Amino acid sequence: MSKKELNVGIVGYGFMGRTHSNAYLQAPRFFDLKYRPVLKAVCARSADRVRAFADNWGYQSIETDWRVLVARKDIDLIDIASPNDTHAEIAIAAAKAGKMVLCEKPLGRTAVEASAMVEAVEKASVPNMVWYNYRRVPAVMLLKKLLDENRFGRIFHYRSQFLQDWTISQDLPQGGEGLWRLDSTVAGSGVTGDLLAHNIDMALWLNGPIVEVTAMTETFIKERKHNLTGNVEPVKIDDASAFLCRFENGSMALFEATRYARGHKALFTLEINGERASASWDLHDLHRLSYFDHRDEGQLRGWKNIHITDGDHPYMKNWWVPGLQIGYEHTFIHQVADFISALDTGNAPAPTFRDGLATEHVTDAVLKSAKTKQWERVGVA
Ligand code: SOE
């Protein structure tokens, strides 16, 4: 039976434009989906570069104004893969036009922006999802299953880090293509919104709501040349951010993200300690889950290092043969597959915009606490 078409219009052709485009192409080849994404149009300001991107990935047409893209009758889904300051305006217009909306993380630059986006998609009743891709690492999905099976008992601790080192050089400019993450007007915040947002999204999903936080942030390099103005300007993003928090389930937690951990490129880690079991995972070894179960027979009790590549592990039966690994790009492919499957079942394809808003309430509270030097309550999405 021929598959129904899902016509995609994407805004942005950077790093995320590539991960998403690859996911639309691969998902129907590896998963049995009722819809086949069709790369209908890609939109960005530079006509030459957007044309080259379209040719490389097989987009049928290009646009240079997102408003024109959103108004097109032949587009079902708008995917926002452009910098953070564009998310809200495009998402709200797309929802009003009745399109499905997928948005890169973080959803908005603040919870206020993200709230308006949630209101728009919920009012229009359009399917929506935020690209928090790391939920769909098979090992992380397995951890979620183990937690849902209540193997851990009461949870006492959660700790999570995201360590990078790519902004240590004083000479690195801020602003413009590739470096807008250092420009607070465009990005909203630094590592809090860019990196900690991943840790927080995953933690809320695995361990439930966060109630209150106390945080500290630091901007190590105070001035950088701005690529767009050519002037040396103050740096207003947080280069590093750390916080303590309390979850609604009574567990306590420690989070840290930085772009100044020399030697670490994308070390996203997490550990969870419960009454009966503990688990840990990290992105540099993403196909392994470490698991300790206190109910194992005493003399054989210990940490298991599970290679998540078997057919009965989440998503893996759709890939190669047991023992062979998959990687980063597959997390986006899984997200597309789950989004499309949810269209049939009518279930909300998590993380929805409302889930994305929950993360923004935490990042807002972190940034506020770093300023007030007080514990701050987290808003409810
Ligand atoms: C920043 O370097 C970045 O690319 C983030 O923006 C992504 O969300 C993260 O997955 C990898 O690091």
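Helices here are DSSP runs of H or I with at least four residues, numbered from the N terminus. On that numbering, H10 is followed by Lys373, whose phi is positive, near 60°. The model is predicted. The protein is divided into domain 1, residues 4-133, and domain 2, residues 136-377. An open sheet of six strands pairs in parallel, and an open sheet of nine strands has mixed pairing.

**Domains and their contact**

- The centres of domain 1 and domain 2, taken over C-alpha atoms, are 23 Å apart.
- Contact between the domains involves 36 residues of domain 1 and 37 residues of domain 2.
- On the side of domain 1 that touches domain 2, at least two residues come from each of helix H1 (15-30), S2, helix H5 (111-124) and S6.
- H1 gives the most to that side, with eight residues.
- By residue type, the side of domain 1 that touches domain 2 divides into 22 nonpolar, ten polar and four charged residues.

**The six-stranded sheet**

- The strand order is S3-S2-S1-S4-S5-S6, and the sheet is open.
- Strand S3 (61-63) and strand S6 (128-130) stand at the edges. Each has a single partner strand, so one side of each is left without a neighbour in the sheet.
- From one strand to the next, the twist averages 25°.
- Strand S1 (residues 4-11) and strand S4 (residues 77-80) run parallel and are joined by four bridges.
- Gly9 has Ile78 in S4 as its bridge partner.
- Helix H2 (residues 47-57) lies across strand S2 (35-43) and S3. H2 runs at about 160° to S2.

- S16 and strand S17 (376-377) are the edge strands, and each pairs on one side only.

- Strand S14 (residues 277-282) runs antiparallel to strand S15 (residues 288-293), with four bridges joining them.
- Ala279 has Tyr291 in S15 as its bridge partner.
- S14 and S15 make a hairpin, with five residues between them.
- S15 also pairs with strand S16 (residues 303-307), in the antiparallel sense and over five bridges.
- The bridge partner of Ser290 in S16 is Asn305.

- Strand S8 (residues 210-218) and strand S11 (residues 240-247) run antiparallel, joined by eight bridges.
- S11 pairs with S12 in the antiparallel sense over seven bridges.
- Ser241 has Ala257 in S12 as its bridge partner.
- The hairpin of S11 and S12 has four residues between the strands. In this hairpin Gly250 takes a positive phi near 95°.

- Helix H6 (residues 138-148) lies across S14 and S15. H6 runs at about 165° to S14.
- Helix H8 (residues 191-207) lies across strand S7 (155-163), S8, S11, strand S12 (252-258) and strand S13 (267-274). H8 runs at about 155° to S7.

**Helix H10**

- H10 covers residues 353-372, and its 20 residues should span 28 Å at 1.5 Å a residue. The end C-alpha atoms of H10 are 28 Å apart, which agrees.
- Of the 20 residues of H10, 16 are buried, so H10 is largely enclosed by the rest of the structure.
- A residue is buried here if 20 or more other C-beta atoms lie within 10 Å of its own.

**Leu228**

- Leu228 is found in the loop between strand S9 (223-225) and strand S10 (232-234).
- Leu228 counts as partly exposed, because it has 15 C-beta neighbours inside 10 Å.
- Leaving aside residues up to four places away in sequence, Leu228 touches Gly175 and Gly176.
- Asp238 is ten residues from Leu228 in sequence, and their C-alpha atoms are 20 Å apart in space.

Notes: Residues numbered from 1 in each chain as written. Predicted model: local features only at pLDDT ≥ 70, side-chain atom pairs only at ≥ 80, totals over all residues. Expected span 1.5 Å × (residues − 1). Buried ≥ 20, exposed ≤ 12 C-beta atoms within 10 Å, placed from the backbone. Pairing = 2+ DSSP bridges. Axes fitted to C-alpha atoms, helices over the stretch in contact; angles between N-to-C directions. Contact = placed C-beta atoms within 7 Å. Domains from an automatic or database assignment. Nonpolar A, V, L, I, M, F, W, Y, C, P; charged D, E, K, R; others polar.
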